[in-house]
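This report describes the architecture of one protein chain. Please examine the sequence and the structure shown below before reading on.

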Amino acid sequence: MGLFVSLTLAALALFITQIYLRRIQKRYALSKASAKHGCAPPKTLPSRDPFFGLDTFFATFKSMKNHCRMRTTQADAQKYGHTYQSFPFARRTITITSARNIQTVLSLEHEKFGVRPIRGPAQDMTGPGIIVNDGKVWEHARAMIRPAFTRTLIADRETFDVHVERLFELLPTDGSVIDLQPLFDRLILDSSSEFIFGESFGSLLPSCPIDSQAFLDAFNYAQKGVGIRVLLGKARFLVRDAKFFQSCKLIQDYTRRHVDRALERKEGRQDKSEGDNSSSERKVVLVYELAKETSDRSMLTSQLLNVFFAGRDTPAVALTNIFFLLARHPDVWTKCREEVRGLQKEALTFEKLKSLRYIQHVINEAMRVYPPVASQTRECTADTILPSGGGHDGSQPIYVQSGDVVVINFWTLHRDASVFGPDPEAFRPERWAEARPTWEFLPFGGGARHCPAQQLALFWIAYTLARMLLKFEQIRNEDPVEEFVEQMKLNMESWNGAKVSFVVG
Ligand code: HEM
């Protein structure tokens, strides 16, 4: 036993020494390459653990637990500059909040910044699809998936309206208090499942069909497991959790059943009206669109799961954040109502909604202040240079080495006073009459991996908002906590949801 412990400790010491030596080697190579290219490092977050930066790692957790992760990173950027570095687990992590550096990572040099090294562990759940891959595999997936999102914009108002009507059944009209967050979750779950699988989960109905519920339970469990695995990276083999793998199998089997149905339909073995209700010819369903491109079952299964993973709740988070803000700005609600006055729901087409300027400003402003995707992470896969942020005044370029992690902070990017005016913390939709941001406003990301569902998501959001404006004269905040309390999950959500009451108009 004594010998075993000694050997284990010796192996551990060797492992740690190796990591540390590798870090010194890398640091040396970095300073040589930096000097050669006229680069300088950005400022470094102070750390009490100069070897492994464990305190930096735990500080990140603490700020997440205390619901202040984004505010903390914003304060760091104010103190150390728009680009700064830290070394959690002895690994260089560069946080960028300036439009120029973000454009470099997402667009100009995007091939050198991958997601696969970071999101790879999600493949146990989702398979090798669009959101977890880089290079040719990602390019192929994106080329296959994008056209379906464009086609669906010949907007399927009627399909979405079915779910909105079900939502209305659940909204109290007697002035009692309701948290909109779980309702918006169900609205988007139902509409995204209908768009992706051709069959809605029906979670807004009085009883959710059994296999949908089993799928959702398994999905939620597996998603948490993915979060832990992404965090642990290479050490994820330490987590032994049979339920995680059972859940992954269940969701893959469920998705495969929809794939099989789509393939049968393609081969003409199924009655076309079966399984996709009425108006099947007009309605765009992702699984049917992708089945036109390939008959590869596992590829189809994994792409569908990837899209579901990316889109099943982000519009719900955006809607919740919008209503959170409107409940605290009743004057903005009144102004929005003016804009939709007299419109019937049939008139709320994609084009009409786009033309409602003030409502579009409100959506933009809410997504600026509380972006559902508040940050993104990439790993540098080939040495390159960021144009600014280095040196004492942040004006020099920064040399970035393969293996460095880059965190893109949209929350802080959206608070640039030089672009949005002197009051960037305020919710003021009127600023959009003047503001013309480009790379300074990226709620849907930017560049090569820009969200392919942006227009679809914006249609769902604007349609739901317009319908609620038509129905309710007033919205009232019923939450004693006035300020936004962030909850960092995969998205940045409101910890307190959006507790409101309505006055019928
Ligand atoms: C308000 C709602 C939404 C927001 C704020 C949003 C935001 C984003 C962002 C920021 C990215 C880029 C991620 C990155 O840079 O790695 C992204 C990618 C993506 N989104 Fe969305 N999204 C929304 C809705 C949706 C919906 C409804 C779907 C699907 C039904 C969807 C599917 C995807 C996919 C598949 C990608 C990956 C694209 C790629 O890697 O090439 N999104 N989204």
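Two strands are said to pair if DSSP finds at least two bridges between them. Helices (H or I, at least four residues) and strands (E, at least two) are DSSP runs, numbered from the N terminus. The model is predicted, so that local features need pLDDT of at least 70 and side-chain atom pairs count only at pLDDT 80 or more, while totals for chains, interfaces and linings use all residues. Residues are numbered from 1 along each chain as its sequence is written.

**Sheets and strand pairs**

In general, strands of a sheet pair through backbone hydrogen bonds, either parallel or antiparallel.

A second open sheet has three strands in the order E5-E13-E10, and its pairing is antiparallel. Strands E5 (178-179) and E10 (472-477) stand at the edges with a single partner strand each, so one side of each is left without a neighbour in the sheet. Ile475 has Phe502 of E13 as its bridge partner.

Strands E7 and E8 form a hairpin with five residues between them. In its turn, Gly391 has a positive phi of about 80 degrees. Ile385 stands opposite Tyr399 in E8.

| Strand pair | Residues | Bridges and direction |
|---|---|---|
| E10 and E13 | E13: 499-504 | five bridges, antiparallel |
| E7 and E8 | 384-390 and 396-400 | four bridges, antiparallel |

**Domains**

The chain is divided into domain 1 (2-116 + 381-412) and domain 2 (127-371 + 414-504); the bounds come from an automatic or database domain assignment. The C-alpha centres of the two domains lie 32 Å apart. Their contact takes 17 residues from domain 1 and 20 residues from domain 2, where two residues are in contact if their C-beta atoms, placed from the backbone, lie within 7 Å. On the side of domain 1 that touches domain 2, helices H3 (69-80), H4 (99-108) and H18 (410-413) each supply at least two residues. H4 gives the most, with five residues.

Which residues are closest to the ligand? They are Gly311, Thr314, Gly445, Cys451 and Ala453, and 23 residues surround the ligand in total. A residue is near a molecule if its C-beta atom, placed from the backbone, lies within 6 Å of it. Helices H13 (297-311), H14 (314-327) and H20 (454-471) each give two or more residues to this shell.

The axes of H14 and H20 come within 10 Å and cross at roughly 40 degrees. Residues of H14 in the contact include Pro315 and Leu319, and those of H20 include Trp460 and Ile461. By class, this contact has eight nonpolar, two polar and no charged residues. Here Ala, Val, Leu, Ile, Met, Phe, Trp, Tyr, Cys and Pro count as nonpolar, Asp, Glu, Lys and Arg as charged, and the others, Gly among them, as polar.

Conventions. Axes are lines fitted to C-alpha atoms, for helices over the stretch in contact, and angles run from 0 to 180 degrees between N-to-C directions.
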